[in-house]
Amino acid sequence: MTNPVKGEASFRIGDTTYTLAYGFAALCEVEDVAGAPLPELLAELAAKKPRMRTIGAFILGGLRKHHPQIDLDTAGELLMANQPVVVGAMAKALEASLPKAPSAGGKAPPKPTTNRRRGTG
């Protein structure tokens, strides 16, 4: 089931509904499969010139939570079966799961505080 609050999105191929979810483990797998760090892969997607390996890595990583039996070949077959639907679900899930960058005019988020008490001397 799709849960956009958790960074999930679903797509349907034939009689089966697949759910993509991009948590920490999924993004680690994306990096491992694609062989590149996440910021580079996201830049590749943003430039609208991703390698097939990059898209396949995002599909495979996103499917792992709800469909652990799927391998890279199967992820590729799903992608090729209906690329606009699969890539659209991938984009929706990624957008929901990744933190938003502060706006250009906005202030940086405050630094975390600690509850340490400081001695008197």
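Biologist: Which exposed residues does the face of α4 turned away from its buried side carry?

Modeller: That face carries Asp73, Glu77, Met80 and Ala81. Bear in mind that this is a predicted model. Exposed here means over 50% relative accessible area.

Biologist: Which residues of α4 are buried, then?

Modeller: Ala75, Leu78 and Leu79 are the buried residues of α4. Buried means under 20% relative accessible area.

Biologist: How do you know that the buried residues of α4 line one face of the helix?

Modeller: Look down the axis of α4: the buried residues fall within an arc of 100 degrees, so they line one face. As for the general rule, an α-helix has 3.6 residues a turn, so residues three or four places apart point the same way.

Biologist: What covers the buried residues of α4?

Modeller: The cover includes β1, β2, α3 and α5.

Biologist: What makes glutamate 8 and lysine 65 a salt bridge?

Modeller: Their side chains meet at 3.5 Å, N to O. The cut-off is within 4 Å, so the pair at 3.5 Å qualifies. In general, side chains of opposite charge can pair when their charged atoms come close.

Biologist: Why is this pair said to tie together parts of the protein?

Modeller: Glutamate 8 is in strand β1, residues 8-13, while lysine 65 is in the loop between α3 (52-63) and α4 (72-81), so the parts joined are 57 residues apart in sequence.

Biologist: How many salt bridges does the structure hold?

Modeller: It holds 3. One of them joins the side chains of arginine 64 and glutamate 29, at 3.0 Å from N to O. Arginine 64 is in the loop between α3 and α4 and glutamate 29 is in helix α1 (residues 24-34), so this pair ties together parts 35 residues apart in sequence. Another is formed by arginine 51 with glutamate 44, whose closest N and O atoms are 3.4 Å apart.

Biologist: Why is arginine 51 called partly exposed?

Modeller: The relative accessible area of arginine 51 is 39%. Glutamate 44 has a relative accessible area of 17% and is buried.

Biologist: Which residues touch the most other members of the largest nonpolar core?

Modeller: Of its 30 residues, those are Phe11, Leu20, Tyr22, Phe58, Leu63 and Met90. The elements giving two or more residues to this core are β1, β2, α1, α2 (38-46), α3, α4 and α5. The most come from α3, with 6 residues.

Biologist: What is leucine 20 in contact with, leaving aside neighbours within four places in sequence?

Modeller: Its contacts include Phe11, Ile59, Leu63, Val86 and Met90. Contact means heavy atoms within 4.5 Å.

Biologist: How many helices and strands does the protein have, and what pattern do they follow?

Modeller: There are 5 helices and 2 strands, in the pattern β-β-α-α-α-α-α along the sequence. Of the 121 residues, 33% count as buried.

Biologist: Where is confidence lowest, and where is it highest?

Modeller: Confidence is lowest in helix α5 (residues 83-97), at a mean of 92, and highest in strand β2 (residues 16-21), at 96. The mean pLDDT of the protein is 85, and 78% of its residues reach 70 or more.

How values were computed
Residues are numbered from 1 along each chain as its sequence is written. This is a predicted model: local features need pLDDT of at least 70, side-chain atom pairs count only at pLDDT 80 or more; totals for chains, interfaces and linings use all residues. Side-chain values use heavy atoms; hydrogens and water are left out. Helices (H or I, at least four residues) and strands (E, at least two) are DSSP runs, numbered from the N terminus. Buried means under 20% relative accessible area, exposed over 50%, partly exposed in between (1.4 Å probe, protein chains only). pLDDT is the predictor's confidence in each residue, from 0 to 100. The arc is that of the directions from the helix axis to the C-beta atoms. A nonpolar core is a set of buried Ala, Val, Leu, Ile, Met, Phe, Trp, Tyr and Cys residues joined through side-chain atoms within 4.5 Å.
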